[in-house]
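This report describes a structure for a reader who is new to the subject. Please keep the sequence and the model in view while reading.

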Amino acid sequence: MIFSSAQFFVFFALLLGALACTKWEGARRNLLIAASYLFYAWWDWRSCFLLFGVTLVGFRVAHGIAGAPAGRARRRWLLLGIATNLGVLAFFKYTDFLLANAQPLFRIAGLELPRPEIVLPVGISFFTFQCISYLIDIYRGLLPAHRSFRDYMLFVAFFPQLLAGPIVRGAQFLPQLKREHPLRAGDLRVGLERFLRGFTKKMLFADTLAVWVGPVFAHPVAYSPLTCWLAVLAYAGQVYYDFSGYTDMAIGVARMLGFEYPENFRHPYSARSIAEFWQRWHITLSTWLRDYLFLPLAYTVSRRIVADRPLGVRAETWSYAAAILLTMFLGGLWHGASWTFVVWGALHGLALAIHRLVRDARGRRAQGRYGRPGRFASWALTFLFLLVTWVIFRVPDFPTAWEMLKRMVSFGAGGVRWYYVQGLVALGAGVLLHLWSLRHEDRSPALDLRRPLAWPALAALLLALLLFAPAGTNPFIYLRF
Amino acid sequence: MRYTYVLPPHARIVYSTEGWSVRHTSLMGLLDDELRVPRARVRAVLLGDSFAEALQVTQDADFGSVAEQRMPGLEVVNVGYSGRSPVEYADWLEEYGPRLAPDIVIVELNDSDLGDFFTPAAQARLAAAAAPPAGAPPEGRLARLSRRVLRNSSLVTVAWRRMKLLATDERAQLAKRFHGAGASAAGAAFAAPAADPRLPVLLDALHRRIAAHSPRLVYLYIPGVDYFGPRFDYGHPQIAAFYHAFAARNRVTLVDPLDEIRAEFARTGQPLHGFSNSVMGSGHMNAAGHRVVGERLARAIAEAMR
């Protein structure tokens, strides 16, 4: 069941009705947990056991860390917790990938490796990362181990964020459980507005652009260079509207239930550097990677560099470069068990490292020296890099990526010319919305339901969705991860 | 947009779902010019569904009109209508054919027609042909009102159709959830009727009814085409093979323009199916496709009239 399906609307309406009839906070939380497990079981009921197992281990390890004396014992508990979560993730997500890559080596020895069919539990990358961050926060003393198993279950399994984030940390969610969460009109209104924003992004923008993206990426060699460029642009739009639309819906649903989630996107395509892009794109993942992977790695590397300026570059720049490369390599692998994702992550890591090197070489004061043309050039270069890397992110294999990139740089007139009208309209509207929000301090246009004209506008929006949204249910892109 | 099952005469229709056109119906409620007076040297009646109706292109660009342009003295009376299935062609011809007195009948067939034999409506029609039913039950006030609203409002019609489409999609999702019917099986399911042993019998029976009212008869197969696969081929080779076997079995002419479509695609590099507001390479034929099919059809009619 996905947020944009009628099944979810029925499910959520029933849940709201049941919550409205429930007076006690404990019963409400029980209901939310039951609903979350039902929501998850809708995908595959067997995965519920995994989710419960991860929750149980996380809760026990958290108390082990909190109860152990400082030093090795705490560290052992932490390692146990991290190893369990990463082990689960590795088994379900990467076993097939590892076996497929090891196969040629074993074939040389005349051995055929078995290829077990492992069903990837949806959302596993998100809830395991959420559990890991909780354990590390307790280890670092930033968060006490939560006493209530029920609350911890809700933290891990709460359905708005369960499938594709945002990656909510314990420090963001668990303190909210100190207060009660009856349904409130204000929360419902604000949450509904946010949900509608996400629903529109998904149905009108992402799904429309998907119609264009799919066929061109399936056979790039058949299409004209301009069509390929437009399809890549369309994919950049699709992946943004799909994921940010999902996030808006998740934030909206959580808000309707009385919970607040962190923001995940801040107009990423307005970034003028790749570092700025990662401050605006999938913020909960990038901050997770920064806090739990990059900073410890950078610290470890910097301790091993003895010289002040090896090869004339500051030692901290080297440690940054090494740590960011490894972090983004793993970040790419987190997205999917495929070499295309690994290369995508590595390219971003390389770009971040080069950006840091250039910035350090030029000095911070050099920034903005070239005024508006310089800012535009920075934006254009960043955006071009993003488009090229989105090609690698989208394709199933490297030969297809190569075909697409070759098509994009060839200027021949051959190939199918397909200028998908609805896609062009969606792209144009997306650009205008982006520009509008940039002029309004990064705020997207909001539908304030308290205003008298909001209801006719809402009716017009729903009619537009009914008339123009492509038929068929398209799953969210990030559900695969 | 379309209204209900029968189009009113002299209606203006703006179609923009796939391709784009502004069309007008004739006095007979057909998406075609008025009948020629005096009668043309050769009058053909074209039976078909949305592929013959050709709302996606302008009226002078559909394959019937192209055939008229290529063969002087030919008049193609296009009675194609979206959603109509071969099951209904024989009914239509038996009822209206004598009034038009065609010299030749063209029956357009495509890949979706075989599945049409097994829809509940088609099954009911086939059963009705075997045993005429008693009078239809009287229509309620609510049904009358909704019919009037649907007849008079394009917006409500489109919204209603979209809601039905979404409901169908949700039903499919639920069926997939509980019965595990894979989406990947959709292509196979589409071609599955071609393997149904009842189908040759049904189609042969229909052919006999159509042939009884046709002095000359030509079947025109409009294939879906796989433009981007490993090799240029029919979209559904099993269905193409089924139609060719049907034609051979009944010794009738089957016009199959795949070779002409292949040659035109090789020449221009542009698919002959699809539009800029739909998916290139799939769906209905665009103007180039109609031109190629129309030219092929004109040759076939000339041969049949010889």
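The sections below treat the model, its chains, its cores and the contact between the chains.

## Basis of the model

The model is predicted; local features need pLDDT of at least 70, side-chain atom pairs count only at pLDDT 80 or more, and totals for chains, interfaces and linings use all residues. Residues are numbered from 1 along each chain as its sequence is written, while chains are lettered from A and ligands numbered from 1 in the order in which they are written.

## Overall form of chain A

Chain A contains 18 helices and zero strands. Helices (H or I, at least four residues) and strands (E, at least two) are DSSP runs, numbered from the N terminus. The C-alpha trace of chain A spans about 65 × 65 × 60 Å along its principal axes. For 481 residues, a compact globule would have a radius of gyration near 23 Å, and the 24 Å of chain A agrees with this. The radius of gyration is taken over C-alpha atoms, and the globule rule is 2.2 Å times the number of residues to the power 0.38.

Of the 481 residues of chain A, 40% count as buried. A residue is buried if 20 or more other C-beta atoms lie within 10 Å of its own, exposed if 12 or fewer, and partly exposed in between, with C-beta atoms placed from the backbone.

## Two domains of chain A

Chain A is divided into domain 1 (16–183) and domain 2 (193–480), with bounds from an automatic or database domain assignment. Their centres, taken over C-alpha atoms, are separated by 26 Å. In total, 22 residues of domain 1 of chain A are in contact with 21 residues of domain 2 of chain A; two residues are in contact if their C-beta atoms, placed from the backbone, lie within 7 Å.

On the side of domain 1 of chain A that touches domain 2 of chain A, α5(A) gives the most, with five residues.

## Nonpolar cores

The largest nonpolar core has 121 residues, and Ala231(A) is one of those with the most contacts inside it. Helix α10 (residues 225–256) of chain A supplies the largest share of this core, 19 residues. Because domain 1 (16–183) and domain 2 (193–480) of chain A both give residues to this core, it lies between them. A nonpolar core is a set of buried Ala, Val, Leu, Ile, Met, Phe, Trp, Tyr and Cys residues joined through C-beta atoms within 7 Å.

Leaving out residues up to four places away in sequence, Ala231(A) touches Trp212(A), Val213(A), Val216(A) and Phe217(A). A second, separate core of 56 residues includes Val76(B).

Strand β3 (residues 42–47) of chain B runs parallel to β4(B) and is joined to it by five bridges. Two strands pair if DSSP finds at least two bridges between them. Val77(B) in β4(B) is the bridge partner of Val45(B).

## Contact between the chains

The contact takes 21 residues from chain A and 17 residues from chain B. On the side of chain A that touches chain B, the elements giving two or more residues are α1 (6–20), α9 (185–218), α17 (421–439) and α18 (454–468) of chain A.
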